[in-house]
Structures are given as C-alpha cells and as structure tokens.
Amino acid sequence: GGKGAVSGGQYHGSGPFGKGLCSNFAFPHCHHHGPQGSDPYPAEGQPGCPSQTSPPGPKKCDAEAVAPHSDFSADKYYFEGDIVKASGEVGIQKAIMAGGPMEVAFSV
C-alpha cells in the first residue's frame, strides 16, 4: 500500500544501480531513437531486443530484492510539494527568481 514508486534497477540488476532493489526493469537494454553510433545495445526489433509492451506496474518486490528494498509497502519514493510550470525564456527566468533553483524536463 501507500503512494510512490519502489526502488528498481536495470534489467537483471545490471547497470550502475546494481542488484537487490525492489523491482528491476523488465526488458533488456536496447538502442532507441536516432543513429546507433557506438551504442553497444541492439536496436529494438533486432535479435536480443524484441519489440515488447510494458507490463503493468509491480505489486510486489522481485524475489532477488534484499532488505531494506524487499518490503514493497515500505520501499516507496514520492514527492510532496508544489509544482510550478513555466515556459519560454522569460517565464523560466521569472520562476527561478521567484522560487530559486529548478529541475526541468523537456520532450524532443
């Protein structure tokens, strides 16, 4: 129960987060978007990277999870606070001046 997202790592615990977190990503590493260049991972739909549909969110931790990340209901991360939306250079400048540092996201 409770709100939030549980801890998790990359496919089979690979990558910088390592093993033992609550719920690892369900799919292997694949190359997405743009030229492959030196990316060592296969492109989606190629051998080693089948095209897949995301499964529903987890309801329990993986069997490989270790304490303190093995308790699904206790291993939750969430945010409480204000969200400010700003767009354009002037709008973002005003938001920074009014509230200080910001974390931003954008789509390409």
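Trainee: How many helices and strands does the secondary structure of the chain come to?
Mentor: The count is 1 helix and 0 strands. Keep in mind that this is a predicted model.

Trainee: What share of the residues counts as buried?
Mentor: Of the 108 residues, 20% do. The accessible surface is about 8,600 Å², and carbon and sulfur atoms hold 58% of that.

Trainee: Which contacts should I look at along the sequence?
Mentor: Take those between residues at least 6 apart. Of these, 39% join residues at least 24 apart.

Trainee: How far apart are the mean positions of the positive and negative charges?
Mentor: They are 7 Å apart, for 7 positive and 10 negative charges.

Trainee: Now a single residue. Where is H31 found?
Mentor: H31 lies in the segment before α1, the helix spanning 88-99.

Trainee: Is H31 buried or exposed?
Mentor: Compare its relative accessible area with the cut-off: buried means under 20%. H31 has 9%, so it is buried.

Trainee: Which residues does H31 touch?
Mentor: Leave out residues up to four places away in sequence. H31 then touches Q36, D39, Y41, P42, A43 and E44. With D39 there is also a polar contact: the two side chains are joined at 2.6 Å.

Terms used
Residues numbered from 1 in each chain as written. Predicted model: local features only at pLDDT ≥ 70, side-chain atom pairs only at ≥ 80, totals over all residues. Heavy atoms only, no water. Helix = DSSP H or I, 4+ residues; strand = E, 2+ residues; numbered from the N terminus. Buried < 20%, exposed > 50% of the residue type's maximum accessible area, 1.4 Å probe, protein only. Contact = heavy atoms within 4.5 Å. Areas by Shrake-Rupley, 256 points an atom, 1.4 Å probe, with all protein chains shown as cover. Lys, Arg positive; Asp, Glu negative; His and termini not counted. Charge placed at Lys NZ, Arg CZ, Asp CG, Glu CD. Polar contact = N/O pair within 3.5 Å; in protein donor to acceptor, adjacent residues only side chain to side chain.
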